[in-house]
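The entries follow in the order I checked them.

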Amino acid sequence: MSNYFKCVLNKSPLDFKCGEKIRFEIFARDRCRNIACENIRWEVKTDDGKNFSGLGSCDINKPLVIETTLEKPGFVHLICKAVTTADTQDSGFEVLDAGAGAEVEKIEYHDTVPNDFCEYWSGIENLVEQFPIKAKIFKELPAKSGFKAYDMRVETPEGRPASFVMTVPEGKGKYPVRAVFMGYGVSPAFPIYNDGHITAYFNAHGIENHLTKLEINQKYKDELKEGYGFEDSKNQSNMTTYWRGVMIRDLMGVKYLKTLENWDGKTLVITGGSQGALQATTVAAHSKDVTYLEIGIPWFCDLNGVSQGFMRGWRPNFAEGLRYFDTALQGQFVKCPVKITAGLGDYICPPSSVMALYNGIKTMKSITFTQAATHSYAPNERECYTLNFDPENPSGEFKKGIYRHFKGNEYEVIDFALDCETLEEKVVYRALYGERKLWIRPKEEFCDFVFRNGKVQKRFQYVK
């Protein structure tokens, strides 16, 4: 394990106000113990346009302290690298990408809804609805015991077919369906197994899943070269952008899944990470019967945010045709409960863009940020921070009393507390069974919801 940095803030990273001092204390760590680091090259970037840097150090008892503020709702991105005396990166230390936000609940989608947005998407929905289902098993694949696995194709009204690997339990019965969408890249899908579920893992491109990645790259090297979906000329129109074909394939594939005789007819879960979160959110916005949307590190959010000074991330240039596919806009049309995970150090998908998505969703929702997590990295010492929203309790009012846990046991909330270091709100509650133990849990986690047995349930339901 490499050495790494840990940051401690003067309060929860999602709780700062605009103009309030944001104080990062940086410790060097080795297996959860403080160590010294003589040379730390650091840089601060903010959504209100600040960019400054320096060189510092820390020892076992004295952290490196870096302070800033945000003058508008947004986020700070702090980068720390251990360097040698020659000012080159020390390979023995992991890079720290940390973050904090101010008034994050006020971050909005920074564009207007195109005048013909609903007409455009109604056209796609009707196109998919009216196109007959023509599905075939392209190839049966090796599968683990108790399942069958199939490389599937479903024809579409435009372009290549929908392509996915579907795993089906061998036993008789009716099962929930889970559709999983892949992140950015040109790769085959593969079997994913969820006990008691039919699971379909989609690739975005309608390509063969039984081929190796090398074989696919050779076959499609001209058509699906690196950078698909980034072509400025094609992205000027919602009819020529690559993402139109992707979404039509996804919607046709999910349409087919809903015709399976062994679908239980009740539970349809849509999930994906990064580009897969863009696809999953769009499917949930435009496909009936979706019961739950679960996405991670969502990409393609708030594409026009850069025009308002927000940090860009990695994505195509803003273009007229892409406005119809912005994940933050699609989220406004999702009707099922939504759970999101993201990283405070992810600048492929910047936290401000993810909050624009979250804030636009109108259903029951939850978002959890992990401190120092990037798009592809999670820190050794994980600190997670959650926000949630319940349409039945939009004010977020929370009171003492008896609550029933989703597994059945009852507890009494007896008080509230603040973490002495982060000022995070905690719930203090006592079990009303057994030894009547006393427990403490972050308020946002206590008020969160879970998805179990095909149903969305509050983690703790108020009784009286």
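Predicted model: local features only at pLDDT ≥ 70, side-chain atom pairs only at ≥ 80, totals over all residues.

**Entry 1: helix 4 and helix 5**

I started with helix 4 (residues 242–257) and helix 5 (residues 275–286). Their axes come within 10 Å and cross at roughly 60 degrees. Angles of 65 to 115 degrees would count as roughly perpendicular. Helix 4 and helix 5 are therefore oblique to each other. I noted the hand of their crossing as right-handed.

Next I listed the residues that meet. Helix 4 brings W243, V246, M247, D250, L251 and V254, and helix 5 brings Q275, L278, Q279, T282, V283 and H286. I sorted this contact by class and got 7 nonpolar, 4 polar and 1 charged residues.

**Entry 2: helix 1 and helix 4**

I then turned to helix 1 (residues 117–130). Its axis and that of helix 4 come within 10 Å, crossing at roughly 45 degrees. The pair is therefore oblique. The crossing of helix 1 with helix 4 is right-handed.

From helix 1, I wrote down Y120, W121, I124, L127, V128, E129 and Q130; they meet R244, M247, I248, L251, M252 and K255 of helix 4. The classes here are 9 nonpolar, 1 polar and 3 charged residues.

**Entry 3: the largest pocket**

I asked how much space lies in the largest pocket. The volume came out at about 1,200 Å³. I found 41 residues in its lining, with N388, G396, K443, E444 and C447 nearest the centre. Helix 7 (351–360), strand 18 (384–389), helix 8 (443–446) and strand 25 (460–462) each give two or more residues to this lining. Which of the elements gives the most? Strand 18 does, with 5 residues. By class, I recorded 18 nonpolar, 8 polar and 15 charged residues around the pocket.

**Entry 4: cavities**

Last, I searched the whole structure for cavities of 30 Å³ or more and found 4. The largest cavity has a volume of about 90 Å³. I listed its lining as Y4, F5, K6, C7, L96, Q371, A372, P379, E381 and E383. Strand 1 (residues 4–9) gives the most to that lining, with 4 residues. The lining of the largest cavity holds 6 nonpolar, 1 polar and 3 charged residues.

Key:
Residues numbered from 1 in each chain as written. Heavy atoms only, no water. Axes fitted to C-alpha atoms, helices over the stretch in contact; angles between N-to-C directions. Parallel < 35°, antiparallel > 145°, perpendicular 65-115°, else oblique. Left-handed = near helix turned anticlockwise from the far one by under 90°. Contact = heavy atoms within 4.5 Å. Nonpolar A, V, L, I, M, F, W, Y, C, P; charged D, E, K, R; others polar. 1 Å grid on protein atoms, 1.4 Å probe; cavity = no way out; pocket = protein on both sides within 12 Å on 5 of 7 lines; lining within 4 Å. Points joined across faces, edges and corners; volume = space filled by probe spheres on them.
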